[in-house]
Amino acid sequence: MSRRGALLAGAGLLALPHVAKAQAAYKSEYKLTVVGNRPIPLSEGAFQWADMVTQRSGGRITVKVYPGSQLVGGDQTRELVAMRQGVVDFGVFSTINISPQIREMNVFSLPFLLNDHKGFDAIINGPVGEELFRTLSSRDVVPVAWGENGFREISNSRRAIREPGDLRGMKIRFAAGAIFSEIFTALGANPVQMSFADLQPALSTGAVDGQENPINLYLAFRMDTLAQRHLTVWNYVADAGVFVVSKQVMDSFAPADRQLVQECARDAAKAQIEASRKGIGVDADRSSLEELARRGVTVTTLSDAEKQAFARATRPVYDKWAQTVGPDLVRRAEAAIRGARA
């Protein structure tokens, strides 16, 4: 073999590993984590996103959903950490569950800051939402769309809740975040932190008296059959959903595939938001509220004046956590909400 031929052959051999690496750059399966399972909208959005990415990429990017936070042993508060560690590739997170790691996400949990969907939309679709995405981006994840789990209402097995004193002595389960413990302590309740996986057994045995979750989740998991006969609609906090991808994974995709993943997330998030608002009085649709009545659930819907009594009782918690979230961020959130109501 000539010297030139040998050099060309050597160059070809050296290039082979790079060709193989390029061909094997995409995983055979990408893992997507979400708390809960179908049919709740937060989880449904995760399945829709996975299906869209898999189908629109022609199977080039195959995404499989692992519901119930099973990749982290059912502990939904560890999903963000697992993504940063490379255990999780895609995720549809509740902002409540990642707020212990990202303090700014507690803006959605400031008691009675957000009373309606106009204020919520002003946050996620405006400068505050953009800033929260930038904060997430600094944590080795790529946020691609805002979704929604819904406003969180409170149910219990003992009595209707119409004023702060009605909560006194009740054991109320919350998912995560010290702010929730402080909110319910301020209202005279006994807060109990518990994963979603443990919630249903705790309700059925009476280990806790009540819980707080969106109405769609209450209905989907038949909490009326778990002694939760009283439900109060008070919109005390909102729970945003956020569609995210591991930065390492996103960086491994070709530019066109990054765009595809983001477009699919936006489409799934839009459907998720619509589903989370179904039947609760938005656009005159009251089908979920009517279903509660059919099941014999006592529904107490607080007036603005009644909500103010709870807001006053929890104001010290609001003020304390506004400092944790960031005073400037909270001020801009308050301004955006006022603008949405004008």
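## Spaces and a helix in a predicted chain

About 130 Å³ of space lies in the largest cavity of this predicted model. Here a cavity is a set of points, on a 1 Å grid over the protein atoms alone, where a 1.4 Å probe fits but cannot get out. Its volume is the space filled by probe spheres set on the points, with grid points joined across faces, edges and corners. Lining residues are those with an atom within 4 Å of a point. There are 16 of them around the largest cavity, and V35, N149, R152, F196 and N213 are the closest to its centre. Both α4 (95–98) and β4 (141–156) supply at least two residues of this lining. By class, the lining holds seven nonpolar, six polar and three charged residues. In this scheme Ala, Val, Leu, Ile, Met, Phe, Trp, Tyr, Cys and Pro are nonpolar, Asp, Glu, Lys and Arg are charged, and the others, Gly among them, are polar.

A word on how to read all this: residues are numbered from 1 along each chain as its sequence is written. Because the model is predicted, local features need pLDDT of at least 70 and side-chain atom pairs count only at pLDDT 80 or more, while totals for chains, interfaces and linings use all residues; side-chain values use heavy atoms, with hydrogens and water left out.

Now let us turn to the pockets. A pocket is an open set of points with protein on both sides within 12 Å along at least five of seven lines. The largest pocket has a volume of about 330 Å³. Of its 20 lining residues, E153, I215, V233, N235 and I280 are the closest to the centre. The largest share of this lining, four residues, comes from β4, and α9 (215–220), β8 (230–246) and β9 (298–301) each supply at least two. The second largest pocket holds about 230 Å³. Among its 14 lining residues, P111, F112, L113, R315 and Y318 lie nearest the centre. Here α15 (327–341) gives the most, with four residues, and the lining divides into six nonpolar, three polar and five charged residues.

Next, follow the helix α14 (315–325). Helices (H or I, at least four residues) and strands (E, at least two) are DSSP runs, numbered from the N terminus. In α14, V317, Y318, W321, A322 and V325 are buried. They cover an arc of only 135° around the axis, so they sit on the same side of α14; the arc is that of the directions from the helix axis to the C-beta atoms. Buried means under 20% relative accessible area, exposed over 50%, and partly exposed in between (1.4 Å probe, protein chains only). On the other side of α14, P316 and Q323 are exposed. The cover over the buried residues of α14 includes α7 (178–186) and α15. After α14 comes G326, whose phi is positive, near 125°.

One more residue deserves a visit. R295 lies in the loop between α12 (287–294) and β9. Is R295 buried or exposed? R295 counts as buried because its relative accessible area is 17%. Not counting residues up to four places away in sequence, R295 touches Y218, L219, R222, D224 and R229, where contact means heavy atoms within 4.5 Å.

Finally, step back to the whole chain. It has 15 helices and nine strands, and of its 342 residues, 52% count as buried. Its C-alpha atoms fill a box of roughly 95 × 40 × 35 Å, taken along the principal axes.
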